[in-house]
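Subject: Handover of a structure for your study

Dear colleague,

Please find below the structure that I was asked to pass on to you. My notes on what was found in it follow directly after.

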Amino acid sequence: MKFRDRLYRFMQGRNGADEFARFANGAGLISLLIALVFTVLSAGLASRSDAASLVFRILYWVFYFCGMGLFVYSIYRSLSRNVYKRQAENTRFLYRKNQFRRKWEGLKQRWKDRKTYQYFKCPKCRQKMRAPKNKGKIRVTCSKCGEKFIIKT
Ligand SMILES: [Zn+2]
């Protein structure tokens with residue numbers, strides 16, 4: 001039997017590398033790269049400052065273990081036979097990733113029009129809104145709950 005066929009057979013009924021596993025893998029790699037930086041810093045300072053060298057040494061081990069842990073978790077996910085549970089976790093992960101991305105896009109937009117728009121929240125339902133700046137006092141109607149209030153722009 002060819003290697004590919006053997007691998008295919010081995011992976012049958014297993015979860016495989018889903019988005020969450022690939023994310024853990026990537027985060028593990030970044031963590032190990034950071035660990036590498038700390039080990040270089042630690043070695044560089046070894047002759048000059050014992051305390052700083054020790055701190056970098058500890059940080060190296062922290063990132064090293066985190067990185068390795070993430071790698072192991074990524075492999076565990078890929079090989080897991082409890083596909084149902086892993087898929088539920090993956091769905092939650094994708095949901096959070098999407099939430100995070102939306103928040104990030106919102107912050108980027110807010111930074112982009114920080115000179116032209118003022119951002120504020122509805123006092124009743126906390127809905128986020130924006131209005132053009134420097135228009136004096138304006139009357140706002142909440143787009144979500146219909147609450148009317150006045151803001152200074
Ligand atoms: Zn509202």
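This is a predicted model: local features need pLDDT of at least 70, side-chain atom pairs count only at pLDDT 80 or more; totals for chains, interfaces and linings use all residues.

Residues are numbered from 1 along each chain as its sequence is written, and side-chain values use heavy atoms, with hydrogens and water left out.

Phe 149 is placed in strand β4. Helices (H or I, at least four residues) and strands (E, at least two) are DSSP runs, numbered from the N terminus. Leaving aside neighbours within four places in sequence, Phe 149 is in contact with residues including Phe 120, Cys 122, Met 129, Ile 138 and Val 140; contact means heavy atoms within 4.5 Å. Ile 138 is eleven residues away from Phe 149 along the chain, and their C-alpha atoms are separated by 8.5 Å.

**The nonpolar core**

Which residues make up the largest nonpolar core? The eight are Phe 120, Cys 122, Met 129, Ala 131, Val 140, Cys 142, Phe 149 and Ile 151. Strands β2 and β4 each supply at least two residues of this core. The term stands for a set of buried Ala, Val, Leu, Ile, Met, Phe, Trp, Tyr and Cys residues joined through side-chain atoms within 4.5 Å. In soluble globular proteins, nonpolar side chains tend to be buried together.

Met 129, a member of this core, touches Phe 120, Cys 122, Val 140, Cys 142 and Phe 149, among others, when residues up to four places away in sequence are not counted.

**The zinc site**

Which residues coordinate the zinc ion? The SG atoms of Cys 122, Cys 125, Cys 142 and Cys 145 do so, at 2.3 Å. Donors are N, O and S atoms within 2.8 Å of the metal (3.2 Å for Na, K and Ca); water is not among the atoms, so sites may look incomplete. Along the chain, the donors of the zinc ion follow the spacing C-x2-C-x16-C-x2-C. Cys 122 lies in the loop between β1 (117–121) and β2 (128–132), and Cys 145 in the loop between β3 (137–141) and β4 (148–152), so this pair ties together parts that are 23 residues apart in sequence.

Why is the arrangement tetrahedral? The four donor atoms subtend angles of 109 to 111° around the zinc ion, which makes it so; four donors count as tetrahedral if all angles lie between 85 and 135 degrees.

Cys 122 is buried, with a relative accessible area of 0%, whereas Cys 145, at 34% relative accessibility, counts as partly exposed.

**Two loop residues**

Arg 126 is found in the loop between β1 and β2, and Asn 134 lies in the loop between β2 and β3. Phi is near 70° for Arg 126, a positive value in a residue other than glycine. For Asn 134, also a residue other than glycine, phi is positive and near 60°.

**The domains and the helices**

The domain assignment gives domain 1 (3–112) and domain 2 (115–153); such bounds come from an automatic or database domain assignment. The centres of the two domains, taken over C-alpha atoms, are separated by 40 Å.

Helix α2 (residues 19–45) holds Ser 42, which is buried at 3% relative accessibility. Ser 42 touches Ser 53, Phe 56 and Arg 57, not counting residues up to four places away in sequence. Phe 38 is also placed in helix α2 and is buried, with a relative accessible area of 15%.

Glu 89 lies in helix α4 (residues 83–112) and counts as buried at 16% relative accessibility. The side chain of Glu 89 makes a polar contact of 2.6 Å with the side chain of Arg 77. A polar contact is a pair of N or O atoms within 3.5 Å; within protein, one must be able to donate a hydrogen and the other to accept it, and residues adjacent in sequence count only if both atoms are side-chain atoms.

Yours sincerely

Definitions and conventions
Four donors count as tetrahedral if all angles lie between 85 and 135 degrees; four count as square planar and six as octahedral if opposite donors are over 155 degrees apart and all others between 65 and 115; anything else is irregular. Buried means under 20% relative accessible area, exposed over 50%, partly exposed in between (1.4 Å probe, protein chains only).
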